[in-house]
Amino acid sequence: MKSTATEIEDKVDELLACLDKDSRHIQESLLQLNKLRSLVIKRDDAGLGTLLKIIQTESDSYRNHESKRQTIRKELASALGCNIKQMTLSALEVHLGTPSGASLPKGKKAQVTKKKAELMSLIKELKKEYLSTTLLLSECTRFNNLLLKSIFDLGKTGTVYYNSNGATKQQTDMAFVNLQL
């Protein structure tokens, strides 16, 4: 039992360290979303290209971290005798509060609870910032479509003409581009 408690405590410590990195990653993502909105508003194509490269690089390195977290989660689920799908921070919190988790230091449950609250707060903020960025980009798309439509519809009077048979005909030529020399 003692070795199992030590193993669980070690895995919890590893998980907490891993979750610290997740917190930093979410905070970095928040900064990147703010920078993305700023660069879109400024219409800075070079800055957007640089930001895209940075995001791609970080995304590749973060995949390794995600697999490490899943491995820790799997090992912790095995040590606690539950399914990996059931191994969540809430389930860990409950286990650390049970008599079988009483052999672990009392501070572990508090650390898990604190980390869970921190992550939930960051994720809520990330969702809000993601929605703001999505709305900005959709408004930019809408505005660009309206602008293009107004440019290409320029010169169309919408006047209806009647031919000698009395049939209607819309004006199809545009005054926007004049190819006469």
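A salt bridge is defined here as a side-chain nitrogen of Lys or Arg within 4 Å of a carboxyl oxygen of Asp or Glu. D60 and R63 meet this rule, with their closest N and O atoms 2.7 Å apart. The model is predicted, so local features need pLDDT of at least 70 and side-chain atom pairs count only at pLDDT 80 or more, whereas totals for chains, interfaces and linings use all residues. Residues are numbered from 1 along each chain as its sequence is written, and side-chain values use heavy atoms, with hydrogens and water left out.

**Overall architecture**

- The protein chain has 4 helices and 2 strands, taken as DSSP runs (helices: H or I, at least four residues; strands: E, at least two) and numbered from the N terminus.
- Along the sequence, these elements follow the pattern α-α-α-α-β-β.
- Of the 181 residues of the protein chain, 24% count as buried; buried means under 20% relative accessible area, exposed over 50%, and partly exposed in between, with a 1.4 Å probe and protein chains only.
- The protein chain exposes about 12,800 Å², of which carbon and sulfur atoms supply 58%; accessible areas come from the Shrake-Rupley method with a 1.4 Å probe, and for residues only the protein chains shown count as cover.
- Among contacts between residues at least 6 apart in sequence, 57% join residues at least 24 apart, a contact being heavy atoms within 4.5 Å.

**Salt bridges**

- Side chains of opposite charge can pair when their charged atoms come close.
- The count for this model comes to 10 salt bridges.
- One of them pairs K108 with D13, at an N to O distance of 2.2 Å.
- This pair links distant parts of the chain, K108 being in helix α4 (residues 107-152) and D13 in helix α1 (residues 2-42), 95 residues apart.
- K108 is buried, at 11% relative accessible area, whereas D13 is partly exposed, at 30%.
- R37 and E129 form another salt bridge, with the closest N and O atoms 2.5 Å apart.
- Because R37 lies in helix α1 and E129 in helix α4, this pair ties together parts that are 92 residues apart in sequence.
- Both R37 and E129 are buried.
- The D60 and R63 pair is local: the two residues are 3 apart in helix α2 (residues 45-80), and therefore separated by about one helical turn.
- D60 is partly exposed, with a relative accessible area of 46%.

**Cysteines**

- A disulfide is a covalent bond between the sulfur atoms of two cysteines.
- With a disulfide taken as a pair of cysteine sulfur atoms within 2.5 Å, the count comes to 0.
- C18 is buried, at 3% relative accessible area, while C82 is partly exposed, at 28%.

**Largest pocket**

- On a 1 Å grid over the protein atoms alone, a pocket is an open set of points where a 1.4 Å probe fits, with protein on both sides within 12 Å along at least five of seven lines; lining residues have an atom within 4 Å of a point.
- About 220 Å³ of space lies in the largest pocket, the volume being the space filled by probe spheres set on the points, which are joined across faces, edges and corners.
- Its lining consists of V40, I41, R43, L136, E139, C140, F143 and N144.
- Helices α1 and α4 each supply at least two residues of this lining, and the largest share, 5 residues, comes from α4.
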